[in-house]
Amino acid sequence: MSDATHTDERVREMSKLRKALIRPELGGIVGATAVFTFFLLFAGNSGMFNAQGVMNWTTVSAQFMIIAVGACLLMIAGEFDLSVGSMIGFAGMMIAVFGVTLGWPMWIAIIITFVICVGFGALNGYIVVRTGLPSFIVTLATLFILRGFTIFIPQTLERKTIIGGIREAAEGDFLAPLFGAKVGGPVFQWLGDIGVIDVFTRGNRAGEPVVDGIPMLIIWAIVLVIAGHILLNRTRFGNWIFAAGGDAQAARYAGVPVERVKILMFMFTAFCATIFAVCQVMEFGSAGADRGLLKEFEAIIAVVIGGALLTGGYGSVIGAALGALIFGVVQQGLFFANVESSLFRVFLGVILLLAVILNTYIRRLITGER
């Protein structure tokens, strides 16, 4: 039987180059390359790329990555969650209230906080799918509700909006180190001993490496990016996410449980925000009512820089991670380059615009879209 017999004329062959050009990560790759090139040229000798500098911008990038993964999957499913920032502040405050004010064991405070926040995520998703209201409006309302609770609860119980003592309350707890510990300490000590990384030369920390471990925040970011990528690209549920965001009605006809997919993605977004919050309060040892401000927009921007469409059905977790990396590098790089820090959002705005234009232009060029 000839090859022609097996060839479907309705299927158009696409070269590897064309496939690469329409990948959603393209804008993130170009943006990250441009950002690193810029700071290598203008801040290469400032300490930005030594061990301590790398750890600084990697930690900041990891913060963005954690919430960007959840935002990415939700946006691919065709929805938004504007309550992410308020969820971060609310979750941190709940941990402080349960663990410090009420004196509960920290592991119980963490678990109950996760349950409450994921429950809010489920409620957001349920309202969206049952009422048909835009998720923008529903989660905007949740943004104000959660922020209001975050201010009201500590003021009522403690007469203040910042609660400290979390680090002390977490001492000896078995679950807290999963969010607040550092890993790889002996490795970094060895690297310091052999001169690969710098060590402190004076004070109580003389002989210790300037980087004494990898924060669990970074570990969580890596785990979530890998898990999100596998879920999206290697599982049937990942196909459902794309289908739910691409054409929800057609997906329903094909048997995709669109409502369940969307609700689960809202819950996952809340889960990611809570991970961020727990890591944050464990690092600072306190919770504040103003934590998480504007994080929802930063997460969405990172996802868009990474190639996701605002209309849903298209995107990449790896691209979102690259967008978060750009955030972290730019935020810290401006300091190392002695550039006015207020220009941080100017840089991000330019990168966002260029990434969107590049992604849109290349996709239209390759696919023939208008």
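Me: Leaving aside its neighbours within four places in sequence, which residues is G312 in contact with?
Reply: The model is predicted. In it, G312 belongs to the loop between α15 and α16. With sequence neighbours up to four places away set aside, the contacts of G312 are M75, I76, G78, G245 and G246.

Me: Does G312 count as buried or exposed?
Reply: The relative accessibility of G312 is 10%. Buried means under 20%, so the class of G312 is buried.

Me: What separates the C-alpha atoms of G312 and I67?
Reply: Along the chain, G312 and I67 are 245 residues apart. I67 is one of the α4 residues in the contact with α14, while G312 is in a loop. Between their C-alpha atoms the separation is 18 Å.

Me: How is α4 oriented to α14, roughly parallel or roughly antiparallel?
Reply: Helix α4 covers residues 51–76 and helix α14 residues 258–284. Their axes are 8 Å apart and the packing angle is about 175°. Angles over 145 degrees fall in one class, so α4 and α14 are roughly antiparallel.

Me: How many residues in the contact of α4 with α14 are nonpolar, polar and charged?
Reply: On α4 the contact includes Q63, I66, I67 and G70, and on α14 it includes K262, T269, F276 and E283. By class, the residues of this contact divide into 13 nonpolar, three polar and two charged.

Me: Which residues is T269 in contact with, leaving aside its neighbours within four places in sequence?
Reply: T269 is in helix α14 and is among the residues that make the contact with α4. Its relative accessibility is 3%, so T269 counts as buried. Apart from neighbours within four places in sequence, the residues it touches are G70, A71, L74, D81 and V84.

Me: What is the handedness of the crossing of α4 and α16?
Reply: Helix α16 spans residues 317–336 and packs against α4 at an angle of about 145°, the axes being 7 Å apart. Contributors on α4 include W57, F64 and M65, and those on α16 include L325, F327 and F336. The crossing is right-handed.

Me: How many charged residues does the contact of α4 with α16 have?
Reply: Among the residues in this contact are G53, N56 and S61 of α4 and G328, Q331 and Q332 of α16. The count by class is 16 nonpolar and six polar, and for charged residues it is no charged residues.

Me: Which side chain does K262 meet in a salt bridge?
Reply: The structure holds four salt bridges, and in one of them the N to O distance of K262 to its partner is 2.9 Å. K262 is in helix α14, and the partner is 183 residues away, in the loop between α4 and α5 (84–101). Both residues are buried. The partner of K262 is E79.

Me: With which residue does R252 form a salt bridge?
Reply: The closest N and O atoms of this pair are 2.9 Å apart. R252 is partly exposed, with a relative accessible area of 34%, and the other residue, at 29%, is partly exposed as well. R252 is paired with E259.

Me: How many residues apart are K295 and E298 in helix α15?
Reply: K295 and E298 form a salt bridge with closest N and O atoms 3.3 Å apart. Both of them are buried. They lie in helix α15, about one turn of the helix from each other, and the spacing is three residues.

Me: Where does R159 lie?
Reply: R159 is not a glycine, yet its phi is positive, at about 60°. The relative accessible area of R159 is 74%, over the 50% cut-off, so the residue is exposed. R159 falls in the loop between α7 (135–158) and β1 (162–164).

Me: Is L294 buried or partly exposed?
Reply: L294 also has a positive phi without being glycine, with a value near 70°. It is located in the loop between β4 (286–288) and α15 (295–305). With a relative accessible area of 43%, L294 is partly exposed.

Me: How far apart in space are D173 and F120, C-alpha to C-alpha?
Reply: D173 is in the loop between α8 (166–169) and α9 (177–180) and counts as buried at 11% relative accessibility. Beyond its neighbours within four places in sequence, D173 is in contact with P105, M106 and W107. F120 is 53 residues from D173 in sequence, and their C-alpha distance is 26 Å.

How values were computed. Residues are numbered from 1 along each chain as its sequence is written. This is a predicted model: local features need pLDDT of at least 70, side-chain atom pairs count only at pLDDT 80 or more; totals for chains, interfaces and linings use all residues. Side-chain values use heavy atoms; hydrogens and water are left out. Helices (H or I, at least four residues) and strands (E, at least two) are DSSP runs, numbered from the N terminus. Buried means under 20% relative accessible area, exposed over 50%, partly exposed in between (1.4 Å probe, protein chains only). Axes are lines fitted to C-alpha atoms, for helices over the stretch in contact, and angles run from 0 to 180 degrees between N-to-C directions. Angles under 35 degrees count as roughly parallel, over 145 as roughly antiparallel, 65 to 115 as roughly perpendicular and the rest as oblique. Contact means heavy atoms within 4.5 Å. Ala, Val, Leu, Ile, Met, Phe, Trp, Tyr, Cys and Pro count as nonpolar, Asp, Glu, Lys and Arg as charged, and the others, Gly among them, as polar. A crossing is left-handed if the near helix is turned anticlockwise from the far one by less than a right angle, and right-handed if clockwise.
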